[in-house]
Amino acid sequence: MSLMLTLSTTLSAQDDAPFIPDRPGALNSPDILPKYRLQLETGAFYEYSGLEEEAIRTWALNISTLHFGITDYAELRLDAAWLDMAIDGSHYRGLANLGFGIKAKVVDGYRFLPAIGLMANVYVPDKREDSLMPDEWGGLVGLLFQNPLTSWLSLGYEADLLWQDNSKPTFFWGIGLTAQATKRLGFIVDQFNYKFPGVTECKLGVAVTWLLARRIQIDAYTDFDLKYPKDYIQVGVGLSWQITK
């Protein structure tokens with residue numbers, strides 16, 4: 001009887017756990033998927049970038065993250081995307097951003113203290129000439145923070161280091177507000193930055209989310225470059241679905 005009561009209490013607590021997908025904002029939440037839950041976050045986008053020497057147009061036909069809760073404080077993650085890129089009249093299609101990793105909650109937030117999470121990913125290489133994946137193994141380490149400001153508004157901030165192809169690391173940092181206007185309607189505003197060797201890109205993202213069901217959310221978003229707004233835009237849509245209960 002005691003075992004059944006404990007199991008029932010655990011399942012009930014998991015059912016009450018908030019549904020907080022990482023997409024569509026640029027930042028990741030320190031929240032962790034409940035134990036043994038499986039969640040898919042997937043979407044598509046179009047991106048135009050004139051920030052490089054050659055203009056690049058990218059269609060992401062599928063960009064997905066699969067989450068699986070392994071403990072009360074950690075989840076496994078699998079990332080993958082299928083891209084179609086046009087550069088100077090040439091087309092490149094294929095798998096990209098294939099990686100796996102873990103996200104763990106380090107500290108629960110309390111009053112003015114933020115919740116803190118740690119994320120680590122490994123990116124798989126592919127040495128073929130026509131591949132959109134890196135030639136060498138890559139990785140990412142990130143610190144994730146979140147402060148609830150009110151019952152419907154929260155402040156998130158994040159800092160990451162990303163390595164690819166044995167180059168100098170790219171530094172990512174950003175800050176964003178998430179507002180739950182109603183039980184179904186939410187808004188996200190992010191300001192985020194990429195510091196590559198010799199150049200820094202500053203972007204602004206705006207997103208809207210709609211809760212279709214208790215564990216199913218759809219979204220739409222757009223990102224702009226703050227320094228060169230005419231030379232960069234990304235627009236996308238997506239779906240987040242917690243598959244298991």
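User: In which strand is Ile-175 found, and is Ile-175 buried, partly exposed or exposed?
Analyst: In this predicted model, Ile-175 is found in strand β8, which covers residues 170-180. A residue is called partly exposed when its relative accessible area lies between the 20% limit for buried and the 50% limit for exposed. The relative accessible area of Ile-175 is 42%, so this residue in β8 is partly exposed.

User: Which residues is Ile-175 in contact with, leaving aside its neighbours within four places in sequence?
Analyst: Contact here means heavy atoms within 4.5 Å. With the sequence neighbours set aside, the partners of Ile-175 are Leu-27, Leu-155, Gly-156, Tyr-157, Val-189, Asp-190 and Gln-191.

User: What distance separates the C-alpha atoms of Ile-175 and Leu-38?
Analyst: Along the chain, Ile-175 and Leu-38 are 137 residues apart.

User: How many residues does the largest nonpolar core have, and which element gives the largest share?
Analyst: The largest nonpolar core has ten residues, namely Phe-45, Ile-56, Ala-60, Ala-81, Leu-83, Met-85, Ala-96, Ile-188, Ala-207 and Tyr-221. Two elements, β2 (56-71) and β3, each give two or more residues to this core. The largest share, three residues, comes from β3.

User: Which residues does Ile-56 touch, leaving aside its neighbours within four places in sequence?
Analyst: Ile-56 is one of the residues of the largest nonpolar core. Apart from its sequence neighbours, Ile-56 is in contact with Glu-47, Tyr-48, Ser-49, Met-85, Ala-86 and Ile-87.

User: How many bridges pair β3 with β4, and in which sense?
Analyst: The hairpin of β3 and β4 has two residues between the strands, and Asp-88 takes a positive phi near 50 degrees there. Asp-79 has Gly-99 in β4 as its bridge partner. The pairing of β3 with β4 (residues 90-107) runs over 13 bridges, and its sense is antiparallel.

User: About how much accessible area does the nonpolar patch on the surface have together?
Analyst: The patch includes Phe-100 and Val-122, as well as Leu-78, Trp-137 and Trp-210. Leu-78 is found in strand β3 and counts as partly exposed because its relative accessibility is 41%. At least two residues of the patch come from each of β10 (199-213) and β12 (232-242). Together, the residues of the patch have an accessible area of about 960 Å².

User: Why does the salt bridge of Asp-22 and Arg-77 tie together parts apart in sequence, and how many residues apart are they?
Analyst: The side chains of Asp-22 and Arg-77 meet with an N to O distance of 2.8 Å. Asp-22 lies in the loop between α1 (2-15) and β1 (38-49), whereas Arg-77 lies in strand β3, so the pair ties together parts whose separation in sequence is 55 residues.

User: Which residues are linked with Arg-77 in a network of salt bridges?
Analyst: Arg-77 also meets Glu-75 in a salt bridge, at 3.0 Å from N to O. Glu-75 is buried because its relative accessible area is 2%, and Arg-77 counts as buried at 7%. The network links Arg-77 with Asp-22, Glu-75 and Lys-103.

User: Which residue forms a salt bridge with Asp-219?
Analyst: Asp-219 lies in strand β11 (residues 216-225), and its partner, 196 residues apart, lies in the loop between α1 and β1. Both residues are buried. The closest N and O atoms are 2.7 Å apart, and the partner is Arg-23.

User: What is the form of the peptide bond from Arg-23 to Pro-24?
Analyst: Pro-24 lies in the loop between α1 and β1. The omega of the bond from Arg-23 to Pro-24 is near 10 degrees, and its form is cis.

User: Is Lys-203 buried or exposed?
Analyst: Lys-203 lies in strand β10. Beyond residues up to four places away in sequence, Lys-203 touches several residues, among them Asp-190, Phe-192 and Tyr-232. Its relative accessible area is 3%, and a value under 20% is the limit for the term, so Lys-203 is buried.

Technical notes
Residues numbered from 1 in each chain as written. Predicted model: local features only at pLDDT ≥ 70, side-chain atom pairs only at ≥ 80, totals over all residues. Heavy atoms only, no water. Patch = residues over 30% accessible without salt bridge, like charges linked within 9 Å, V, L, I, M, F, W, Y side chains within 5 Å. Areas by Shrake-Rupley, 256 points an atom, 1.4 Å probe, with all protein chains shown as cover. Salt bridge = Lys/Arg side-chain N within 4 Å of Asp/Glu carboxyl O. Helix = DSSP H or I, 4+ residues; strand = E, 2+ residues; numbered from the N terminus. Buried < 20%, exposed > 50% of the residue type's maximum accessible area, 1.4 Å probe, protein only. Core = buried A, V, L, I, M, F, W, Y, C linked by side-chain atoms within 4.5 Å. Pairing = 2+ DSSP bridges.
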